[in-house]
Amino acid sequence: MKRYFKDIWDSFYTIGIGMGVTFRHLFTKSVTIQYPDVKLELTDRARNRLYVNMDDCIGCDQCSKACPVNCITIETVKAVPPDDLGVTSTGNPKRLWVTKFDIDIAKCCYCALCVYPCPTECIKMTDVYEFSEFDRHNLLYNFSTMTPAEVENAAMKFEKWQADKAAAKKETTDKKKAAGEKPQPKKQETGDSNKNNPPDENKSES
Amino acid sequence: MVETLEQFLPHPLLALFIHAALPMVIVFPYVLFAVWLERKVSAHMQDRLGPMRTGGWHGWSQTIADMIKMIQKEDIVPSRSDKFLFKFAPFLAFMGSYAAFAVIPFSSEYIGAHLDVGAFYILAVTSIVTLSILMAGWASNNKWSLLGAMRTSAQIVSYEIPTVVAVLSVIVATGTLNLMTISEMQSGTIFNWLIFHSPFLFIAFVLYFISSLAEVNRTPFDLPESESELVGGFHTEYSGMRWGMFMLTEYADMFLVSLLGSVLFFGGWNSPFGDFMSGPIWGVFWMISKGMFFIFVMMWLRWTLPRLRVDQLMDVCWKYLIPFAFVNLVLVALWEMIF
């Protein structure tokens, strides 16, 4: 009998405690983050979308070799005198035209293995993670800043230079003037539709 | 009320129809609000936010959007089900629940029907909801639905006894079954409310509240639905607006027992401050706010307590509530004799 009333008292008492807990939580700050409006700051080493700073790229192909899923495709053409591509911000001389630098971000597994071997630290992970697309092909990012015409020009010059070198080495000084103006790498190519613009470093494409 | 309406309207039948549909004007917005409130209360008790987008301010129109979605949904009837019973059950459920609103005095001027047996009528007519749940569970031709429906009937048959006895304690104290008269008897200040009439009526209220939770299948007594074990129980096979009707019935039932509780114990449409803020319009306000308070307590309990097991459910009813209710009834009667 004593047990019976104690049970009743205990049940009311524990329900009271439980209701107190839930009532307190009614007024505690919620942990929900209203995602599109509020975003959590990512950690320093968060691995998201890749970005390549083409000004610093020397076309060494090390990132492509390091990639475990082969999502980076690099093609280069040797720059011939008198074209001087200058040096990177880290002081490495640039000796190659990077005619193609494609990253298929759809294949990318965000391992960041391509980031470490880069001698000029030009390929890096950004904190951009909102880059979904309706078409998978839009996820193939072309980072190369050269237009097809410039690529052709560079390739032509390299072939010519090789042929000339094979023919006669003493004539190179004369040929240099006839080679025409040197191509200037452009930052943005607007008229070319079969080429995606490289994404901005810190901006997501919506 | 009907007489007043008849003076303005061309046909007496039209006046009757409007008179009958008036609780609907309260019940429908209330259900939309209560479903939203349930989501917000549950969310905040779990440190979440709940709906925040729809409509702008804290997702206020989420239930309106849900209702539009439900109306657009396909009306699926299982091929091996009992078609007539299956289609009819949700409507019968809401009929049973809405019929009970007829005797709830929403204000000193408005009551659907002046029945002298109002309290008895409510207890009798709400049993139709049980019947419809049993109909839905049987007609679905689904073992989970049938299990849910059988649990419902077992539960409601058991819990009707303490409910009735708790209501009977009030009847012993007031000497009438007419809910309007009971409300009028409690007019004046807060101390005239029946909950303060005697300590035994307070116990009667606690008994009434617990057993009414079971009557409307709310947690911790929500075994008929038990979404985690019976995948929704009796309404597993329902979709679209038919399912919506069951949801509507559930919330309307919650409102009904809360209103009945406030009429029987908390003064109904009476203002707690005597003449201050009292009148027919304030009556509606007090009635609905008292009802909403109990609905909040029900939600609060739902997000605090886990569901009981079937044997615990029966234990609570037969070993605790029923003995207490009967002893309490005798004590209330003795109190009335002595004082």
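## Briefing: chain B and two loop residues

B:N141 sits in the loop that links α6 (127-139) to α7 (143-174) in chain B. The model is predicted. Chain B holds twelve helices and zero strands.

**Make-up and size of chain B**
- Read from the N terminus, the elements of chain B run α-α-α-α-α-α-α-α-α-α-α-α.
- Chain B has a radius of gyration of 20 Å, close to the 20 Å from the globule rule for 339 residues, so chain B is as compact as a globular protein of that length.
- The C-alpha trace of chain B spans about 60 × 55 × 45 Å along its principal axes.

**Packing of chain B**
- Of the 339 residues in chain B, 43% are buried.
- Take the contacts in chain B between residues at least 6 apart in sequence: 77% of them join residues at least 24 apart.

**B:N141 in chain B**
- B:N141 has 15 other C-beta atoms within 10 Å, so B:N141 counts as partly exposed.

**A:E121 in chain A**
- A:E121 lies in a loop of chain A, between β3 (96-104) and β4 (123-125).
- A:E121 has 13 other C-beta atoms within 10 Å, so A:E121 counts as partly exposed.

Technical notes:
Residues are numbered from 1 along each chain as its sequence is written. Chains are lettered from A and ligands numbered from 1 in the order in which they are written. This is a predicted model: local features need pLDDT of at least 70, side-chain atom pairs count only at pLDDT 80 or more; totals for chains, interfaces and linings use all residues. Helices (H or I, at least four residues) and strands (E, at least two) are DSSP runs, numbered from the N terminus. The radius of gyration is taken over C-alpha atoms; the globule rule is 2.2 Å times the number of residues to the power 0.38. A residue is buried if 20 or more other C-beta atoms lie within 10 Å of its own, exposed if 12 or fewer, and partly exposed in between; C-beta atoms are placed from the backbone. Two residues are in contact if their C-beta atoms, placed from the backbone, lie within 7 Å.
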